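Let's walk through a protein model together, one step at a time. Keep the sequence and the 3D view side by side as you read.

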Amino acid sequence: MNGERELTVKAVAAGVVLAIIFGAANAYLGMKAGMTVAATIPAAVIGLALFRLPFYRGGVLEQNIMRTAASVGEALGAGSIFTLPAFLLVDVGGRRLWTDLRDHFWETTFILLAGGLLGVMFIIVLRRPLCVDSDLPFPESTASAEIVKAGQQGGERIRYIFGAMGLGALLQLLKSDKGLLLF
């Protein structure tokens, strides 16, 4: 067994912060556009950059903990935005089941907690067939692993990752109203 650290305070703290950010972003996007995005690959890139900072250095296992926590946060946000509005729409015997979420805070909390725990239990069982033994050419976990490997090797591969991220940001800026003015 190697001596590399995995479950550290800095990995968990960064994962929780990113889980909150990605969860909030997904909740907003889901309510606004009716769709969500996966956060695994962006979290892997952020982890790669974060754990290369001199004051925050960390290993691959710490990056994996942080990426997984961030990914779970966005998934919980997506699960809540697709589930909770249904309770507001349910009509039982000509009467709404819930009229607002404020009166059902504890039920909402329990539903989200139960859904999150159930999701964690299912992924423990399904991780191997869906991620490890999957014969898909580029599943998301494989892509995240390649990002982490590129970070370990450094050099040209890491420049491609950050170059692609910068190009994507530039294109996104140019698509916006302010980007058109800037151009």
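**Finding your way around**

Leu89 has a relative accessible area of 61%, so this residue is exposed. Here, exposed means over 50% relative accessible area, buried means under 20%, and partly exposed covers what lies in between, using a 1.4 Å probe and protein chains only. Leu89 belongs to helix 3. From its C-alpha atom to that of Tyr56, 33 residues away along the chain, the separation is 46 Å.

Before going further, please note that this is a predicted model, in which local features need pLDDT of at least 70 and side-chain atom pairs count only at pLDDT 80 or more, while totals for chains, interfaces and linings use all residues. Residues are numbered from 1 along each chain as its sequence is written, and side-chain values use heavy atoms, with hydrogens and water left out.

Now step back to the whole chain. How many helices and strands does the protein chain have? There are seven helices and two strands. Both kinds of element are DSSP runs numbered from the N terminus: helices are H or I runs of at least four residues, and strands are E runs of at least two. Along the principal axes, the C-alpha atoms fill a box of roughly 65 × 55 × 35 Å. Of the 183 residues in the protein chain, 26% are buried. Contact here means heavy atoms within 4.5 Å. Among the contacts in the protein chain with a separation of 6 or more, 64% join residues 24 or more positions apart.

Leu7 and Thr8 both sit in the segment before helix 1, which spans 9–33. Are these two residues buried or exposed? Leu7 counts as exposed, because its relative accessibility is 66%, whereas Thr8, at 12%, counts as buried. Apart from neighbours within four places in sequence, Leu7 is in contact with Val12 and Ile65. A polar atom of the Thr8 side chain lies 3.2 Å from the backbone nitrogen of Ala11.

Next comes helix 1 itself. Its 25 residues reach 35 Å from the first C-alpha to the last, close to the 36 Å expected at 1.5 Å a residue. That expected span is 1.5 Å times one less than the number of residues. Several residues of helix 1 are buried, including Ala11, Ala14, Leu18, Phe22 and Asn26. An α-helix has 3.6 residues a turn, so residues three or four places apart point the same way. The buried residues of helix 1 pack against helix 2 (40–50) and helix 3 (60–89). After helix 1 comes Gly34, which has a positive phi, near 80°.

How do the helices meet one another? To compare them, axes are lines fitted to C-alpha atoms, for helices over the stretch in contact, and angles run from 0 to 180 degrees between N-to-C directions. The axes of helix 1 and helix 2 cross at roughly 140° and come within 12 Å. This angle makes helix 1 oblique to helix 2. Angles under 35 degrees count as roughly parallel, over 145 as roughly antiparallel, 65 to 115 as roughly perpendicular, and the rest as oblique. In this contact, Ala14, Leu18 and Phe22 of helix 1 meet Pro42, Ala43, Ile46 and Leu50 of helix 2.

Helix 2 also packs with helix 3, at an angle of about 145° and with the axes 9 Å apart. Residues in this contact include Ala43, Gly47 and Leu50 in helix 2, and Met66 and Ala70 in helix 3.

A further partner of helix 2 is helix 6 (residues 155–175), packed at an angle of about 120° with the axes 12 Å apart. Helix 2 and helix 6 are therefore oblique to each other. Here Val45, Leu48 and Ala49 of helix 2 touch Ile158, Ile161, Phe162 and Met165 of helix 6.

Finally, zoom in on Val45, a residue of helix 2. Val45 counts as buried because its relative accessibility is 9%. Leaving aside neighbours within four places in sequence, which residues is Val45 in contact with? They are Ile147, Ile161, Phe162 and Met165. Arg102, by comparison, is 57 residues from Val45 in sequence and 37 Å away in space, C-alpha to C-alpha.

Technical notes
Polar contact = N/O pair within 3.5 Å; in protein donor to acceptor, adjacent residues only side chain to side chain.
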